[in-house]
Amino acid sequence: MVKRSPRAENEARCHSSIVRYLAPVPALLCAVLGTAACSGSSGSHPVPPINGPIKHVVFLIKENRSFDNYFGTFPGANGATSGEISTGQKVLLGHTPDQLPYDLGHKWQDSHLAVNSGKMNQFNMIMNGDVNGVMLGMTQLQQSDIPNYWAYARNFVLADNMFSSLSGPSFPNHLYSVAAQSGGAINLPVNPAGPPQIWGCDSPSGTTVDVVDAQGNLTHPFPCFDFQTMVDMLQNAGYSWRYYSAPIGDKGFAWNSLDAIQHIRFGSLWQSNVVPDSNFAQDALNGNLATVSWLTPEDIYSDHPPNSSCAGENWTVQQINAIMQGPDWESTVVFLAWDDFGGFYDHIPPPRVDTYGLGIRVPLIIISPFSKKGFISHTQYEFSSFLAFLESLLHLPPLTQRDQGANDLQDALDLNQQPRSPLVLTTRTCP
């Protein structure tokens with residue numbers, strides 16, 4: 001398989017208003033920002049065989065942690081235990097509590113403010129970045145706080161050069177995980193009547209989202225888009241897929257990116273392929289994994305501040321244990337990632353690949369019988385890398401310029417090695 005080359009350009013510029021951040025995107029990316037003509041209908045030809053031992057791919061996406069917040073002290077990784085703040089003072093990163101008293105700013109504006117044109121020294125200036133001298137964004141967890149995440153990282157592959165796709169929050173980054181674009185969305189949907197619990201086509205009337213078009217114009221449409229996604233590609237090629245998410249009514253449903261894709265939300269695939277996250281463990285135990293699965297949690301188990309990182313880790317362990325204890329383990333790869341930095345410090349300036357990103361660095365762990373043992377990958381990744389992996393594995397064409405140019409995660413695996421044994425872990429009693 002051909003390895004894709006990374007593109008890095010550390011020249012991100014930060015300005016005082018959203019409009020001043022905008023610049024025309026490359027022509028190929030512009031072309032895909034419009035509505036794609038895709039029916040989502042099932043292909044009529046037989047399911048193509050998958051060459052090689054990997055038959056199941058799981059994208060497990062958690063919330064709002066920077067790399068340095070979770071793995072800044074991990075041996076051998078490119079982490080940091082101190083950072084500079086806006087005054088020029090260098091401070092030691094304190095200890096992140098299991099549950100925070102409040103959320104931290106992580107919108108488009110917060111991200112650019114924190115990065116400060118690559119200086120990475122204004123995390124204290126984001127929303128709630130400095131509350132009466134307490135800078136929770138300038139903190140990190142230790143191995144004893146998240147021992148099972150560290151166990152996965154020690155025994156499988158930890159990537160220390162993984163970035164969110166867009167320099168901003170969850171909504172657009174989750175869209176990149178299914179489509180290698182966000183339709184130009186750069187922020188969370190908002191509603192004058194109050195924060196919407198649903199961010200897509202089911203959002204309350206009056207909800208809008210900041211969108212940048214191909215010419216760099218800022219508009220505020222309803223957050224319901226209609227561009228082609230990886231699930232369309234899989235469906236039309238005959239591969240099975242499921243999208244597991246929290247049900248409507250739980251705050252975690254907001255991370256169901258397919259709810260923002262009109263032809264999926266209002267098509268037959270919504271009923272057949274979009275299922276509750278509570279179904280995943282049983283499907284894995286029963287050997288009923290689809291070729292490709294996306295899995296996002298209920299809010300309480302998401303790792304999203306102010307929720308407990310311990311409770312989130314326990315939920316993650318339960319899902320991965322189910323894979324390892326089921327018959328599909330020997331043919332599965334799990335990409336465990338966090339969607340954006342959540343307001344937490346990271347010391348690596350994000351490369352600039354286009355108007356939208358990349359965003360601040362986030363953790364990624366690659367778990368498989370074919371993961372290199374105890375390997376730290378320094379290859380540049382982003383959420384479009386997930387899709388590049390599928391395109392390489394399943395011989396699918398790229399969706400956008402992003403996945404066409406992204407590294408495809410193949411270097412984390414050794415498909416010729418003796419398959420690794422499962423690492424079944426024990427959940428913990430949380431603080």
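## Strand β11 and its partners

Strand β9 (residues 241-245) and β11 run parallel and are joined by four bridges, where strands are DSSP runs of E with at least two residues, numbered from the N terminus, and two strands pair if DSSP finds at least two bridges between them. Within this pairing, Arg242 has Ser293 in β11 as its bridge partner. Strand β1 (residues 56-62) is likewise joined to β11 by four bridges, and these two also run parallel, with Phe59 standing opposite Trp294.

This is a predicted model, in which local features need pLDDT of at least 70 and side-chain atom pairs count only at pLDDT 80 or more, while totals for chains, interfaces and linings use all residues. Residues are numbered from 1 along each chain as its sequence is written, and side-chain values use heavy atoms, with hydrogens and water left out.

## Two covered faces

In a regular strand the side chains alternate between the two faces of the sheet. Strand β11 (residues 292-295) is covered on both faces, since Val292 and Trp294 on one side and Ser293 and Leu295 on the other are all buried; buried means under 20% relative accessible area, exposed over 50% and partly exposed in between, using a 1.4 Å probe and protein chains only. Across the protein, 63% of the 431 residues count as buried.

## The nonpolar cores

Trp294 also belongs to the largest nonpolar core, which has 66 residues and in which Trp294, Phe335 and Leu364 have the most contacts. Such a core is a set of buried Ala, Val, Leu, Ile, Met, Phe, Trp, Tyr and Cys residues joined through side-chain atoms within 4.5 Å. Helix α12 (residues 383-394) gives the largest share of this core, seven residues, a helix being a DSSP run of H or I with at least four residues. A second, separate core of 36 residues includes Val58, Leu60, Ile320 and Ile365.

Which residues is Trp294 in contact with, leaving aside its neighbours within four places in sequence? Among them are Phe59, Arg242 and Leu387, where contact means heavy atoms within 4.5 Å.

## The protein as a whole

The protein has 13 helices and 14 strands. Of its contacts with a separation of 6 or more, 80% are accounted for by residues 24 or more positions apart.
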